[in-house]
Amino acid sequence: MNLSESSPESDFSLSDHTDSGLSSGDAAFHDQIKNVLFDVEIPEGLKDSVLASLSQNHVTDLSNDQTVAMSRRDFLKKPGVITGLSVCLMFLMMLTYFWATQEPVLALSEFSPELNLDSRLLSEFDNNFSEQFPVHGGWRLKGRLVFTSKSYGISVGDASKHDAVVRFFTLPTGGEKVIYGSLVQVPAGRVEPLPSHASFDPDNVAYAQLKKGNYATVKWVEDDRVYICIVFGGSRELEAVRHALQFTSA
């Protein structure tokens, strides 16, 4: 066969291969590969089978997506589920608010003569809770105990609000001597442990001797208030306060 003539079984001429830089041996090799590839028989129905398989997979994916979307819609359409989720969400919000706004509990021992009860260094009470005098013992009545018209706030912890409120009082003894004292009150929910007595009882007294003087302290709880009476002095001064309260309530 003349090499200058094109092979009747090839679509490419030798001159084309030569121009592309291929040798005559390479051209013959490529012609043989091409003949083999074109001689491969394709089974009948292969194309239709492949297309049907791809189409089926696409339909399955769409069906799965639609099933998920319908399941979500059915879930959201149930009123009981929505109500339950709303209640749970509301409960979590209330619990978070409760813990965020809860004030720390203070030790009862914090309210003692060691407190700085100099009215010149205290600010006016911020009224974050209602101030009220003890019910028992004549504290509410005007008598020999003379209370200051102004109440002062006490901060024991790090809270921005006052932890307690104090009113100072004086008790004239008929001579030149005047007894000085203070009545501190704290919401019962802010103190632990609560005092064991439910009224002013001078027999349940604690004495303290400090550099700034001697003090007698009586603590008790009434309703939702813890009261601390701090008297400057000792047993004699405390007995005078007891007598004044009894005289006032009589």
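Q: Great, so how many salt bridges are there here?

A: The count comes to seven salt bridges. Keep in mind that this is a predicted model.

Q: Pick one for me: what does R167 pair with?

A: The partner of R167 is E131, and the closest N and O atoms of this salt bridge are 3.1 Å apart. R167 sits in strand β4, while E131 belongs to the loop between β1 (106-107) and β2 (146-147), so the pair ties together parts that are 36 residues apart in sequence.

Q: Is R167 buried or exposed?

A: Buried: R167 has 16% relative accessibility, and the cut-off for buried is under 20%. E131, by contrast, is partly exposed, with a relative accessible area of 26%.

Q: And R242, which residue does it bridge to?

A: R242 forms a salt bridge with D203, with 3.4 Å between the closest N and O atoms. D203 is exposed, at 63% relative accessible area.

Q: What about D224, where does its side chain go?

A: The side chain of D224 meets that of R225 in a salt bridge, at 3.4 Å from N to O. D224 is partly exposed at 43% relative accessibility, whereas R225 is buried, with a relative accessible area of 4%.

Q: Which residues do salt bridges with shared partners join into a network?

A: D203, E239 and R242 are joined into one network that way.

Q: Okay, switching to the inside. How many residues does the largest nonpolar core have?

A: The largest nonpolar core has 20 residues, and those with the most contacts inside it are F111, I154, V166, V184, V186, V226 and I228. Two or more residues each come from β3 (152-154), β4 (164-172), β5 (178-187), β8 (213-222) and β9 (225-232).

Q: Let's zoom in on I154. What is it in contact with, leaving aside neighbours within four places in sequence?

A: I154 is then in contact with L115, L117, H162, D163, A164, V166 and V184. Of these, V166 and V184 are also named among the core residues with the most contacts.

Q: What other core lies apart from that one?

A: Another core, of 17 residues, lies apart from it, and its members include F169, V218, V231 and L238.

Q: Now the strands. Why call β9 largely enclosed?

A: Because seven of the eight residues of β9 are buried, the strand is largely enclosed by the rest of the structure. β8 is largely enclosed too, since nine of its ten residues are buried.

Q: Which way do β5 and β9 run, parallel or antiparallel?

A: β5 and β9 are antiparallel, joined by seven bridges. As one example, L183 has C229 in β9 as its bridge partner.

Q: How many bridges join β8 to β9?

A: Eight bridges join β8 to β9, and these strands run antiparallel. W220 has Y227 as its bridge partner in β9, and T217 stands opposite I230.

Q: What does phi look like at D223, in the hairpin of β8 and β9?

A: D223 takes a positive phi near 55°, in a hairpin that has two residues between its strands.

Q: And how do β7 and β8 pair?

A: β7 and β8 pair in the antiparallel sense, over six bridges. V205 has V218 as its bridge partner in β8. These two strands also form a hairpin, with two residues between them.

Q: Last topic, the surface. Which residues make the nonpolar patch of about 270 Å²?

A: V178, Y180 and F232 make that patch. Y180 is found in strand β5.

Q: How does Y180 count, buried or partly exposed?

A: Y180 counts as partly exposed, because its relative accessibility is 48%.

Terms used
Residues are numbered from 1 along each chain as its sequence is written. This is a predicted model: local features need pLDDT of at least 70, side-chain atom pairs count only at pLDDT 80 or more; totals for chains, interfaces and linings use all residues. Side-chain values use heavy atoms; hydrogens and water are left out. A nonpolar core is a set of buried Ala, Val, Leu, Ile, Met, Phe, Trp, Tyr and Cys residues joined through side-chain atoms within 4.5 Å. Buried means under 20% relative accessible area, exposed over 50%, partly exposed in between (1.4 Å probe, protein chains only). Helices (H or I, at least four residues) and strands (E, at least two) are DSSP runs, numbered from the N terminus. Contact means heavy atoms within 4.5 Å. Two strands pair if DSSP finds at least two bridges between them. Patches are made of residues with over 30% relative accessible area and no salt bridge: like charges are joined within 9 Å, nonpolar side chains (Val, Leu, Ile, Met, Phe, Trp, Tyr) within 5 Å. Accessible areas come from the Shrake-Rupley method with a 1.4 Å probe; for residues, only the protein chains shown count as cover. A salt bridge is a side-chain nitrogen of Lys or Arg within 4 Å of a carboxyl oxygen of Asp or Glu.
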